[in-house]
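Me: I would like to learn how to read a structure like this one. Could we go through it together, feature by feature?

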Amino acid sequence: MSTDLDTVRSYDAAAAEYAAEAAAMPEWVATEIDAFVTGLGGSGRVLEIGSGGGRDALELEKRGISVRRTDIAKGFVELLRESGFEADLLDPLTQDLADPRRPGTPYDGIWACACLIHVAREDLGTVLGRLAEATRTGGRLHASVREGEGEDYSTYGSAVAPRRYVETYWRESALRSTLTDAGWIVSEIRRCVGRPHDHWLSVRASRA
Ligand SMILES: C[S@@+](CC[C@H](N)C(=O)[O-])C[C@H]1O[C@@H](n2cnc3c(N)ncnc32)[C@H](O)[C@@H]1O
């Protein structure tokens with residue numbers, strides 16, 4: 001069980017740059033937000049994993065959802081705080097997921113867009129199980145991972161300041177059984193395409 005620290009440091013180093021690049025809402029994410037908000041009945045308290053630059057939290061709040069912004073990379077947490085938002089540093093694999101602002105109250109939903117791609121294959125079940133434990137029965141989950149085989153190791157930046165990212169790819173059947181074993185009832189796993197060659201498996205599920 002381990003978190004890839006090169007990936008986290010790489011996001012730290014490039015948080016502002018990443019936030020600017022990701023600021024425009026992709027069409028498939030907008031569709032997932034619609035479904036998620038509808039599933040929540042237009043209200044509720046949500047834990048966001050991997051808030052990044054905060055694009056999705058803003059949209060969810062516009063629709064009446066209360067969002068706890070979190071990220072594993074302190075670069076994003078600082079960026080969000082500088083913009084006036086509350087945000088917490090949080091590793092969903094190892095840290096307490098309970099809501100410090102609503103003690104004793106489970107979340108109504110979890111929003112984890114394009115971030116569990118960085119969780120190692122052998123750890124995804126643990127993360128999904130911990131997210132389920134933090135959510136009320138019937139609460140909703142959005143999670144999206146890349147579709148494909150194996151892992152991808154990519155390097156960007158300069159030799160002095162390299163940025164290294166590890167991503168894990170998933171096939172639908174393995175993802176579905178990992179979700180089910182972790183305590184989620186899967187309603188749908190949708191195939192979504194962002195930029196060309198950017199293939200996502202987008203999960204809509206509820207807490208068993
Ligand atoms: C591709 S970005 C997506 C950010 C944002 N959700 C969006 O859609 O623009 C990946 C996010 O996952 C976070 N992350 C990196 N490693 C992670 C891990 N092991 N567990 C959870 N999140 C992680 C990064 O800090 C970053 O915020």
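This is a predicted model: local features need pLDDT of at least 70, side-chain atom pairs count only at pLDDT 80 or more; totals for chains, interfaces and linings use all residues.

Me: Which side chain does Asp-88 meet in a salt bridge?

Reply: Side chains of opposite charge can pair when their charged atoms come close. A salt bridge here is a side-chain nitrogen of Lys or Arg within 4 Å of a carboxyl oxygen of Asp or Glu. Asp-88 meets Arg-101 in this way, at 3.1 Å from N to O. The pair links distant parts of the chain, 13 residues apart: Asp-88 is in strand β3 (residues 87-89), and Arg-101 is in the loop between β3 and β4 (107-112). Strands (E, at least two residues) and helices (H or I, at least four) are DSSP runs, numbered from the N terminus. Arg-101 is partly exposed, with a relative accessible area of 35%.

Me: How many salt bridges does a search of the whole structure find?

Reply: The search finds 24. One of them joins the side chains of Arg-176 and Glu-172 at 3.0 Å, N to O. These two are separated by about one helical turn because they are four residues apart in helix α7 (residues 172-181). Arg-176 is partly exposed, at 31% relative accessible area.

Me: Which residues are linked in a network of salt bridges?

Reply: Look for Glu-32, Glu-188, Arg-190 and Arg-204. Within that group, the side chains of Arg-204 and Glu-188 meet at 3.5 Å, N to O. That pair links distant parts of the chain, with Arg-204 in strand β9 (residues 199-207) and Glu-188 in strand β8 (residues 184-193), 16 residues apart. Arg-204 is buried at 17% relative accessible area, while Glu-188 counts as partly exposed at 34%.

Me: What about Glu-48, which is buried yet has no salt bridge: what is the nearest side chain of opposite charge?

Reply: For charge, Lys and Arg count as positive and Asp and Glu as negative; His and the chain ends are not counted. The nearest side chain of opposite charge to Glu-48 is Arg-69, 5.5 Å away. Glu-48, in strand β1 (residues 45-48), does make a polar contact with the side chain of Ser-51 at 2.6 Å. A polar contact is a pair of N or O atoms within 3.5 Å; within protein, one must be able to donate a hydrogen and the other to accept it, and residues adjacent in sequence count only if both atoms are side-chain atoms.

Me: Now the ligand: how many residues surround it?

Reply: There are 17, and the closest are Gly-50, Arg-55, Asp-71, Cys-113 and Cys-115; a residue is near if one of its heavy atoms lies within 4 Å. A polar backbone atom of Gly-50 is 2.7 Å from a ligand nitrogen, and a polar side-chain atom of Arg-55 lies 3.0 Å from a ligand oxygen.

Methods. Residues are numbered from 1 along each chain as its sequence is written. Side-chain values use heavy atoms; hydrogens and water are left out. Buried means under 20% relative accessible area, exposed over 50%, partly exposed in between (1.4 Å probe, protein chains only).
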